[in-house]
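Good morning, and thank you for coming. Please look at the structure on the screen while I speak.

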Amino acid sequence: MIEQEEKQKPLNFFQDSGGKKGILAWITSTDHKRIGLLYLYSLSVFFLVGVTLGLLMRLELINPGKDIVEAQTYNGFFTLHGVIMIFLFVIPGIPAVFGNIAMPLMLGARDVAFPKLNLLSWYLYIFGAALALSTLLVGKGAPDTGWTFYAPYSIKTGTNVTMAVFAAFILGFSSILTGLNFLTTIHRMRCEGMTWFRMPLFAWALYATSWIQLLATPVIGITLLMIAAERTLGVGLFDPTLGGDPILYQHLFWIYSHPAVYIMILPGMGVISEILPVFARRRIFGYTAIVYSSLAIAFIGYFVWGHHMFTSGMSGPARIIFSILTFLVAIPSAIKVFNWLATLYKGSIDLKPPMLFALGFIFLFLIGGLTGLVSGALATTVHLHDTYFVVGHFHYVMFGGTGFAFFAAIHYWFPKIYGRMYDIKAATRNFWIIFGGFNVLYFPMLWAGMMGMPRRYYDYLPEFHIPNIISTLGSWIVAFGIIMMIITLVKGFRNGKPVGKNPWNALTLEWQADSPPITENFEELPVVTEGPYEYKS
Amino acid sequence: MSTHVEHRDDTARKMGMWLFLFTELLLFGGLFLVYSIYRFANPEDFARGGHELNVFIGAVNTIVLITSSLTVAISISAMQQGNKKLVLQMLGITIFLAIVFLVNKYFEWGHKIHYDLYPGSNLFRALPPGEGLYFLLYYFMTGLHALHVIIGAIILGFMAWYVHKDEIDATNYALLENGGLYWHLVDLIWIFLFPLMYLIH
């Protein structure tokens, strides 16, 4: 009798290989959880490559003058560091990994709307990544233009720009298909009773993100194709001597790449909105305001690209308009931060690792956001443009924001994915190492930038020596923390204590599924009768 | 073994296609943006470039594509009524018209390339900058469009195959509708390209 019951219990998604063996069971699987894990593992590898390049750059900058590499190599380092971190880690990061794994579960669905397309997106991602990394090894070496591929230099340089540009194009296509898939999933696959305003905020964040992926990415696609055409045909689309306009390239680039900044940060904000109510045992404050602020960020985000070009030649009125619009984006972002803080107020806060990373996110994102306003104001930007202040600012937003949200997400959903718990104590220690190291690494950059140290040089004047030494020290601490974090998580995966369905006592639907979830997610699809955060404290 | 319950959602499939078409519009939108900025900066050069094109071939191709949109629409109506033979005939005509379009395009491009007007040639380099930009955009935009014609024709070929195999039938034709939607997009882009390239003064 017992045996029969065990037989009827469906296999979880690790056990159910779909009748295939070994790696084939993974790379031909259309299960959203398996695809999410494929993304997680591949993305982590690229992340470590990016970290290594970052470490090498910091090492080069420990002293003025040449330390370990030539200037040209250094130019390749910062270009690839940017390309890898942005196109291979930060943009796909949270949506492709946790959007894939958790979002269908949170909606009470069995999978995404187009499972095969989902797998195709991963293949495109891998192909694009391989292309991007191979620029290191073939031809005249890694591109040296910076990740922005600014014309006219990107057209003149002899390095592998065309290949890198094609890689970014393919990665963009992967991103578009993921966005398309998620939009359709959210529209069509919510379970019974889950109205739009009973949807978890992470799904809302992905919804806003997907619209940006869909409506902004094609513009960068065509722009990069224009660069490739320029390089092969040499016809002067962006070359002023032949009638072209290099500033037009910058416009086209940022028409995508600024909205892309919100592709990077919105899913992270969604993760934070999930974690805070669980670990404060409180209903999220201002659910509707958070929803609308996500949509507002996505919308306004389209109209602020000009603030990347305040010093490249734009009319006075255009600069003022772009500056005002930039300040406008700060409003919905601040709405979120205030709602998060109000959620914590009078909550019974439990400082588990996901919560620590979430709080770390708020702290670092606040610094990132405020330094963003300094960079977006016309008067101050002239002084700060192209200095380390900007480098510090976007690392606070991208790493302190999205990166920490990614770490928060992995610590939050880890027990759901693997059915085991990592060592909480070790994870807490890792958080403090990374958080502390982060500030040692990036705060001196803000300082050096204020003093006027320009970015993207392998050398600097002696007066910037002290902040650079501190910053390089910080880079070692962060790298150590990341290694420790990986060790803790791998240990947890191997022999962590098995956990039940809901170790955090959370109310969203993914915690009603088994840990790890069965292939079909739920034996019987759930029915929802109230909002996702009705904690009775 | 997983027993995936296949439940069909035609609305989702069509929604996916519409979303994809938005991205296609924005892909070309970037080029239209570049076109309008450079035309604004060099109105005379662009007009001179436009006069070099053969309006007759362009007009013929416009009629060809609009007709093909009609035949694809008829094929979908025929599928709704279960008239398989008519569906296949209409898809056949559509693909044939796609090939006619491409052949015209081949002669049009071939003619220009024959007398040395292509990006990177000596004649091309000697052109005034604005005219060079015009022809670059001409090749880029009509080339990208022609690529879409080829992809669209291949998609419709698959649709015909599925109809033949009865995988698309009167109760399950969302896929055919999606193929048709894509083809209408190809048509729509050309309707913008034709006046912008051939009919400027």
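Let me begin with a definition: an axis is a line fitted to C-alpha atoms, for helices over the stretch in contact, and angles run from 0 to 180 degrees between N-to-C directions. Helices are DSSP runs of H or I with at least four residues, numbered from the N terminus. This is a predicted model, in which local features need pLDDT of at least 70 and side-chain atom pairs count only at pLDDT 80 or more, while totals for chains, interfaces and linings use all residues. Residues are numbered from 1 along each chain as its sequence is written, chains are lettered from A in the order in which they are written, and side-chain values use heavy atoms, without hydrogens and water.

In chain A, the axes of helix 4 (residues 71–90) and helix 6 (residues 115–134) come within 11 Å and cross at roughly 175°. Helix 4 of chain A is therefore roughly antiparallel to helix 6 of chain A, a term for angles over 145 degrees. Residues in contact have heavy atoms within 4.5 Å; among those that meet here are A:F87 from helix 4 and A:Y125 from helix 6.

I turn now to the two chains. Here 33 residues of chain B are in contact with 38 residues of chain A. Which residues form a salt bridge, that is, a side-chain nitrogen of Lys or Arg within 4 Å of a carboxyl oxygen of Asp or Glu? They are B:D9 and A:R188, with the closest N and O atoms 2.9 Å apart. On the side of chain B that touches chain A, helix 1 of chain B gives the largest share, 17 residues.

Terms used
Helices (H or I, at least four residues) and strands (E, at least two) are DSSP runs, numbered from the N terminus. Angles under 35 degrees count as roughly parallel, over 145 as roughly antiparallel, 65 to 115 as roughly perpendicular and the rest as oblique.
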